[in-house]
Amino acid sequence: MNNVLVASNRGPVSFTVSDDGELTLRRGGGGLVSGLSGVAKDDGVLWICAALSDGDRSAVRLAPGGRIDHAGYDTGPLRMLDIPPATFHRAYNAVANSTLWFVNHLLYDIPNAPLFGTKFEREWESYRDYNGAFALALAEEAGHEARVMVQDYHLTLTPAMLRAERPDLRVAHFSHTPWAPPEYFSLLPDEVAREVLEGILGADHAGFLTDRWAQSFMDCCEALLGAEADRVGRSVTHDGRTTRIGVHSLGVDGAALWERACEPDVESHMTALKEQVGDRRLIVRIDRTELSKNIVRGLVAYGEFLGAHPEWHGKVVHLAFAYPSRHDLPEYREYTASVQRCAQQIEDEYATEDWDPLILNVNDDYPRSLAAYRMADVLLVNPIRDGMNLVAKEGPVLSPRCALVLSREAGAAAELGPHALLVNPYDTSGTAAALHDALVMPEQERRARRDRLHAAATALPPQQWLAAQLDALA
């Protein structure tokens, strides 16, 4: 039986299946996977995740009890859950990504959404079933008094469900997103809001990336549950139980990231990018095409910069890597189209025969992203709202002279803000001015800021992040 377990929607690997039925394994995507995959595998932590694709489901069917590592794959201890596709779709797309994500990132177009009716009641029941499947698997796999780390907004109900099954376990829940203030969180139906909060309070320890998000969670518990929140001792007491509240910033394993960024596939991408851009200065952004990432305003800001500074025409290129995200949702398909339209407008207005001011790439390619980091003169990270944002931390680790233009609404601003150029993510003119300031920054200041960014970004690597939470469960 296992003494330490991690549960998350997305796992450390994913599978694709070819026309002839052959399975191919690749690294999983997303910031959570980037932060956890290496340390979980190295430390023998059992990871339980959902099968997300046809390839994943095929792998599960070939693995005894869903244990992918028992089927001959070098994944570290890993169990995938083949949740019925209809249940998964409603839980993942309709509730986790279209409701809880929207609430905590303040994304709703309030005059038109949300609308919670009978359809949502069915979707919420699927979310309960989805969380229940994880609780059952954890209960089956965990040894006596094991420590369990439940991850993120997909699994807010799992801690309370697991406690009902296995009261002997020590359970933590960690939120990788922001947390909404009570007046916005209360957009949720009253019973749903209560269920989410009480689900997390089923854990012994509830973790957040910044103090700001932890305070918002405690505010919600006070306002919506009538719970007692201890701001100094960081705890919430409700229905006779006390849950400790922790703040655990997630950083970058600088040595491991550098090692990966020096491999031949990254070097070949650097060669190709240098052929494309020549000796021009590079403004880089690397994001999923996610509503909260604010890509369109970032492109508008770059267009404003080009309009205000013709002296930079032909001398700068914006590498904008905007990888697909959640295309099952119409809002995301339209947002991707908006990104592409905005990019085309910049090309139409400013491109010349020998200068492409913008290179937009929408195909996910991790080695190419690492190559872009290494070449960046400026890194643009301007989310509307973000739990942490590891891109803001990875860039200064890999670029020797990267100036960071960073949204004040990113969780990372709490640590990196003093050494970055902070911007209001809604102010495109302010962001355009920051891009110019970053490009003309004196070299000595640029390198000094980058060194401080590097130190802050690597101060709490995933190993320490995981260990601190396990210690809290001791």
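Start by selecting Phe88, Tyr92, Tyr130 and Phe134, which ring pairs link into a cluster. The model on screen is a predicted one. Its aromatic pairs come to a count of 16.

Next, select Trp179 and Phe208. Their rings make an edge-to-face aromatic pair, with 6.1 Å from centre to centre and 85° between the planes. This pair links distant parts of the chain, the two residues being 29 residues apart. Trp179 is in the loop between strand 7 (170-175) and helix 6 (182-185), while Phe208 belongs to strand 8 (residues 205-208). Both Trp179 and Phe208 are buried.

For another kind of pair, go to Phe321 and Tyr323. The ring centres of Phe321 and Tyr323 are 6.2 Å apart and the planes meet at 20°, so this pair is stacked; planes under 30 degrees apart count as such. Phe321 and Tyr323 are both buried.

The last stop is His248. Look for His248 in the loop between strand 11 (241-247) and helix 9 (254-261). Is His248 buried or exposed? With a relative accessible area of 12%, His248 is buried, because the cut-off for buried is under 20%.

Now show the side chain of His205 as well: a polar contact of 3.0 Å joins it to the side chain of His248. Leaving out residues up to four places away in sequence, His248 touches Phe174, His205, Gly207, Phe208, Leu209, Trp465, Ala468 and Gln469. Among them is Phe208, the partner of Trp179 in the edge-to-face pair.

Terms used: Residues numbered from 1 in each chain as written. Predicted model: local features only at pLDDT ≥ 70, side-chain atom pairs only at ≥ 80, totals over all residues. Heavy atoms only, no water. Phe/Tyr/Trp six-rings, centres within 6.5 Å; stacked < 30°, edge-to-face > 60°. Helix = DSSP H or I, 4+ residues; strand = E, 2+ residues; numbered from the N terminus. Buried < 20%, exposed > 50% of the residue type's maximum accessible area, 1.4 Å probe, protein only. Polar contact = N/O pair within 3.5 Å; in protein donor to acceptor, adjacent residues only side chain to side chain. Contact = heavy atoms within 4.5 Å.
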